[in-house]
Amino acid sequence: MSFVSSLMYFFAGFIIAFLFPRIPIIMITRGKGFNLAFPEHPAPVPLSPKLTQRVLHMRMIYWMGFIVSFIPLLFGLASVKWGNPAFGFGLWISSGWFILSRLQTFIGGAKPPWTLEMAQRLQTIADDTKSVQKCCPMPVAEWRILTVSCARCDAKLSDMPRPDLGRKRMDGFFLGGFRLLMTDGYPVIDFDDDSKNTNSDSEE
Ligand SMILES: [Zn+2]
């Protein structure tokens, strides 16, 4: 096998293993029937039990991708041993990298784009809009790109940027899918990330 064809097999394996664990997030939730409860992307999403549930679903699908990523890892090992070593190595490197990056969460790395705390926080904000200290007489909390705000009085209720919520993206399936591959579902607009992290750390 020539060097060039080895290289091509390597990249084929690399790309397949790159896409494989990310496909659930890109495919599963984009259907129309799945998103009837939400306004179209990129409009703000009103806070509701459905939205909380969606965050939890996205979180589940995210971790499903992690479990699924062991398939190309094992295929890669088998291919290195018995099949095309370059292809297997590509699979193996790519899925190994993916698994390691996901595992970083547990040793203080970046949190996943969707977390249980996020769902709980949405619930707390929704409860607060019904409490005594609400921002205006009839608050309507909605999740904008960078904040949770009241649609009526514009008061900022939380500065939690909105991750991808599985809605069909306005930039279309391919461009939207590509953007998701690049951002991994994290909020697309995320200014001064560092300062925000230090702030939230000091709050906790
Ligand atoms: Zn208000």
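This is a predicted model: local features need pLDDT of at least 70, side-chain atom pairs count only at pLDDT 80 or more; totals for chains, interfaces and linings use all residues.
Numbering runs from 1 along each chain as its sequence is written.

Cores to begin with. By nonpolar core I mean buried Ala, Val, Leu, Ile, Met, Phe, Trp, Tyr and Cys residues joined through C-beta atoms within 7 Å. Buried is 20 or more other C-beta atoms within 10 Å of the residue's own, exposed is 12 or fewer, partly exposed is in between, and C-betas are placed from the backbone.

The largest core has 16 residues, and Leu47, Leu51 and Val55 touch the most other members. Helix H2 (23-27), helix H3 (49-68), helix H6 (116-128) and strand E2 (141-143) each give two or more residues; those are DSSP runs numbered from the N terminus, H or I of at least four residues for helices, E of at least two for strands. H3 has the largest share, four residues. Leaving out residues up to four places away in sequence, Val55 touches Trp114, Met118, Ala119 and Leu122, with contact meaning backbone-placed C-betas within 7 Å. Another core, of twelve residues, lies apart, including Tyr9 and Phe87.

Now the backbone. Most residues other than glycine have a negative phi, and most peptide bonds are trans. Here, His41 and Pro42 are joined by a cis bond, omega about 5°. Asp154 has a positive phi, near 70°, and counts as exposed because it has 9 C-beta neighbours inside 10 Å. Asp184 sits at a positive phi of about 60°, in the loop between helix H7 (173-183) and helix H8 (193-203).

Conventions. Two residues are in contact if their C-beta atoms, placed from the backbone, lie within 7 Å.
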